[in-house]
Amino acid sequence: MNDRTMLRPATLAVFLGLALCGAAAGAAEIKVNHDWQADFTRYKTWRWRKGTPAPDPVADKQLRDAIESRLAARGLTRVESRGDLDVVYHVAAENKIGVENLAYKQPFFEGRATRIRNLSVGTLVLDMIDASSGKVVWRGEAHDATTPAPSAIERMIDEGIAQLLQDFPPEE
């Protein structure tokens, strides 16, 4: 794969923590990279390959549904065996402590404080693998620290996957 990656501002920030841990949001980092020599016009079908699901089974199903929907919208047909592409995703989530330094400055008063909060840090890696060669031809990664509301999870997952797959397949 080529070392060139595209960083995108994204709503995927929110989706990620939601999908991964069920956790409002910071700024997500999204990277998309692909094999610049791959002929993406020849990929018509795809199948799932076992990966690492999200810890929350409901969020994991929403994630799979969003990926399937976006690939279908791009003309790719899901098959049970012998697809042109194998699609696999890996989700990782962990809890961390976030520390934020706050400064207050007003006439006749200046102070400092520290805010400490628990964050869910999530990472999603989505790979498209050429089934005939076994080589990764496209990879999307999203990483963020989030804490979302449960009612927004499905919408955020759908918007996030839409943004991650926005330029798939890549144009020559």
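A salt bridge is a side-chain nitrogen of Lys or Arg within 4 Å of a carboxyl oxygen of Asp or Glu. Keep that in mind as you look at this predicted model, which holds seven salt bridges.

Let's start with Asp86 and Arg49. Their side chains meet in a salt bridge, with 3.2 Å from N to O. Asp86 sits in strand β5, which covers residues 85-106, while Arg49 belongs to the loop between β3 (45-48) and α2 (57-73), so this pair ties together parts that are 37 residues apart in sequence. Are the two partners buried or exposed? Asp86 counts as buried, because its relative accessibility is 2% and the cut-off for buried is under 20%. Arg49, at 38% relative accessibility, counts as partly exposed. This pair also belongs to a network: salt bridges link Arg47, Arg49 and Asp86.

Now move to another salt bridge, where the side chains of Glu68 and Arg78 meet at 3.3 Å, N to O. Glu68 lies in helix α2 and Arg78 in strand β4 (residues 77-78), so here the parts tied together are 10 residues apart in sequence. Glu68 is partly exposed, with 24% relative accessibility, and Arg78 is partly exposed too, with a relative accessible area of 37%.

Stay with Arg78 for a moment. The side chain of Arg78 also meets that of Glu80 in a salt bridge, at 3.6 Å from N to O. How accessible is Glu80? Glu80 counts as exposed because its relative accessibility is 65%, and exposed means over 50%.

From these charged pairs, let's turn to the nonpolar side chains. The largest nonpolar core has 29 residues. Those with the most contacts inside this core are Ile67, Leu71, Leu126, Met128, Trp138 and Phe168. Which parts of the chain supply at least two residues each? They are β2 (29-34), β3, α2, β5, β6 (109-130), β7 (136-146) and α3 (153-164). Helix α2 gives the most to this core, contributing five residues.

To finish, find Leu126 in the structure and look around it. Setting aside its neighbours within four places in sequence, Leu126 is in contact with Ile67, Val87, Val88, Tyr89, Trp138, Arg139, Gly140, Leu164 and Leu165.

Key: Residues numbered from 1 in each chain as written. Predicted model: local features only at pLDDT ≥ 70, side-chain atom pairs only at ≥ 80, totals over all residues. Heavy atoms only, no water. Helix = DSSP H or I, 4+ residues; strand = E, 2+ residues; numbered from the N terminus. Buried < 20%, exposed > 50% of the residue type's maximum accessible area, 1.4 Å probe, protein only. Core = buried A, V, L, I, M, F, W, Y, C linked by side-chain atoms within 4.5 Å. Contact = heavy atoms within 4.5 Å.
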